[in-house]
Amino acid sequence: MSFLSLLFFFSLNSTALSQPSPPKGTLIDCGATNASVIEGQQWLPDTDYISAGVPKTLTIPNILPILSTVRSFPLGDGTPRKFCYVVPVFRNGKYLIRTTYYYGGINGRDSPPVFDQIVDGTIWSVVNTTDDYARGLSSYYEGVFVARGKMMSLCIGVNSYTDSDPFISALEFVILGDSLYNSTDFTKYGLSLVSRSNFGYGGSIIKFPDDPFDRYWEPFGDSNPIIQSTRNVSASDFWNLPPSKVFDTELTTDQAKPMELQWPLVSLPKSFYYISLYFAGDRDISVGSSRIFDIHVNGIEYYRNLNVTPAGVVVFATRWPLSGLTKITLTPAAGSDVGPLINAGEVFNVLLLGGRTITRDVIALERLKNSLQNPPADWNGDPCIPRQYSWAGVKCSKGIRIRVVSLNLSNMGLSGSISPSIANLTALTKIWLGNNNLTGPIPDLSSLKWLETLHLENNQLNGTIPPSLGDIGSLRELFIQNNYLTGEVPNNLKRKPGLNLKISPGNRFSFATPSSRT
C-alpha cells in the first residue's frame, strides 16, 4: 500500500511578496549561438554542453525565442544511437529537468520523429510530439532527479520508431529546494511529470515569477462549478511550495454533494505514481459551517474526513498504483454542509532509476576519451547504462556493480594517445585498439590482473614494451606488430607460457626476435 500523508498549514494570511529572484540552474537554448535574456532569465547557447548534432534555425513568424532554434542529430550509417548534453551540477542537488521540443518541419516531413530521452543511466520517457505539433503546439517534459555526481547528462536516444533526425529545442536544469517532493527516495527513484494542474483556472500557464522554481501549472476546467477570487494566499509554508496563485481558483459543487473529476486526462500505463492534491477553503463560508469530505481514487479510499479550512491542507501519496483513466471523487462527510473543493494537483510517474557504471571506470574512460583526438561520437553520458545505449566499443558486466570488462575500438580511425588511466579499468579482460593511428607509449597495465587479450597492432606507438606486461598472469594474447617500438622485448614476455605474442613486422627492436610465438 502506498505511503499517504496529510499536512496542514496555518500561514495563509495576505502578505506583500517581493518579486522573487530567477530560479538557480542552467537554461540551455539548444541550437542558439548567443546568450539571451528571456522573461527575466538568462539562457545560454548549447555549444559548451554538447559536441554532436547540427544547430538549425526555424523560419516561422512570431515563434517564441527558445523555439526558434533547435539542435538536430542527423541519422546515417554509423550514426551513434545516443547524443548527450553533459551539464555541471551540484552533487546531491535536487533538479527539475525540463526538455522542450518544437519540430517546425526541420526534417522536411509532416510529422516529427519519435525517440527516447535519457537522464544519466535511466530511460526517462519516449518523446512523441506528434499530437501537439499537429495542433501547432510545442511539447515539454518535466522530471525531478537528484545529481549523484558533479555532472548530469540528458541524452537523446534513437529507438526503433525513429525514422528521421531527432532534435531538441531547449533544456533546463533548475535547482529545487530540499523540501520539495522529499518523501521520495531519490537514491532509488526519479519523478516524471504526468500532469500539474490549477483546477478552475482558465488563463495561461502559471510559472515563474508566480512559481519560484518555474514549474508549469496548466489550466484545468470541467463541468463542475468554478469559483474564482483573489485570495493573496502566502503558500510559503505549504508542502512542495505551490505558488499562491493556484489558490485563487477552485473546482467545487454548489451544494453538499459528491464531486467527480477525471484527472489527469490521459490514460496511464500501469505503474506507481506520486500524487499531491492541494486545498484551501473559503474564508467567507458561514460561521459554524464545515467542509469535510472523503477522497477516493478510482473507488479506493485515498483519505477520509479531510477537513479543509482557509489554513490550507495538502494530501500526498508517494507510490499509489494507477492504470488507465483516473477518477477522483470528493464525497462530503456526514454532517458537512458545504460542498468539497480542490485547487491544484500534481501527479508524477515514479521511475525506478537505472544502475550506473562505477565512478572509477567512468573517470578512466573520460580520461581515455580526452587523450583521443577523435573519440567515438557517442562517448557521452553513462558508458554502460542503459545497456541498449552503451558506448561504442564498450562492453560491461551485469549485476549491481557495473564495470567495464572489454574495449573494442579497432578500425575506428582513432588518433591521439592511450591514456595511462586505462589501467584504472581494473575489470578489463580484453583490449582491442588495433588498426588506428595511435601514437605515444604503451602505458603500464600491470593493474589489469584479469587482462587476457591486448591488441595494439598497426598503430604508430613508440617507446619500449613495459616489462610489467609479462607479469599479468592472465595474459594470453599480445599483438603489437607494425608500430615504432624500440628497445628489447622483455624476457618475461618471450618466455611466458601459453602467450600468443606477435611483435613483427614493423618495430625497431635492438636484437633479433621471432616474428610470432605461441
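How many of the 518 residues of the protein count as buried? The share is 54%, where buried means under 20% relative accessible area, exposed over 50%, and partly exposed in between (1.4 Å probe, protein chains only).

## What you're looking at

This is a predicted model, so local features need pLDDT of at least 70, side-chain atom pairs count only at pLDDT 80 or more, and totals for chains, interfaces and linings use all residues. Residues are numbered from 1 along each chain as its sequence is written, and side-chain values use heavy atoms, with hydrogens and water left out.

pLDDT is the predictor's confidence in each residue, from 0 to 100. The protein averages 89, and 90% of the residues score at least 70. Residues 1-17 are a stretch to treat separately: pLDDT stays under 50 there, and the model has 53 contacts for them beyond four places in sequence. (A contact means heavy atoms within 4.5 Å.)

## The overall build

Take the contacts between residues at least 6 apart in sequence, and 67% of them join residues at least 24 apart.

## Holes inside

Rolling a probe the size of a water molecule over the atoms shows where empty space is left. Here that turns up three cavities of 30 Å³ or more. A cavity is a set of points, on a 1 Å grid over the protein atoms alone, where a 1.4 Å probe fits but cannot get out; lining residues have an atom within 4 Å of a point. Points are joined across faces, edges and corners, and the volume is the space filled by probe spheres set on them.

The largest cavity holds about 60 Å³. Its lining includes Asp 120, Arg 148, Phe 145 and Leu 353, and divides into five nonpolar, one polar and two charged residues. For that count, Ala, Val, Leu, Ile, Met, Phe, Trp, Tyr, Cys and Pro are nonpolar, Asp, Glu, Lys and Arg are charged, and the others, Gly among them, are polar. The second largest cavity, at about 40 Å³, has nine nonpolar lining residues, no polar and no charged. Among them are Ile 418, Pro 443 and Leu 456.

## A buried aspartate

Asp 211 sits in the loop between strand S15 (189-199) and strand S16 (218-220). Asp 211 counts as buried because its relative accessibility is 0%. Leaving out residues up to four places away in sequence, Asp 211 touches Trp 217 and Pro 243. With Trp 217 there is also a side-chain polar contact of 2.7 Å (a pair of N or O atoms within 3.5 Å; within protein, one must be able to donate a hydrogen and the other to accept it, and residues adjacent in sequence count only if both atoms are side-chain atoms).

Two cis peptide bonds are worth a look. One joins Ile 385 and Pro 386, with omega about -10 degrees, and Pro 386 lies in the loop between helix H2 (359-371) and strand S27 (394-396). The other runs from Ser 504 to Pro 505, with omega near 15 degrees.

Asn 507 has a positive phi of about 70 degrees although it is not a glycine, and is buried at 13% relative accessible area. Asn 62 also has a positive phi, near 60 degrees, but counts as exposed at 80% relative accessibility. Look for Asn 62 in the loop between strand S5 (54-57) and strand S6 (69-72).

Conventions:
On a 1 Å grid over the protein atoms alone, a cavity is a set of points where a 1.4 Å probe fits but cannot get out, and a pocket is an open set with protein on both sides within 12 Å along at least five of seven lines; lining residues have an atom within 4 Å of a point. Helices (H or I, at least four residues) and strands (E, at least two) are DSSP runs, numbered from the N terminus.
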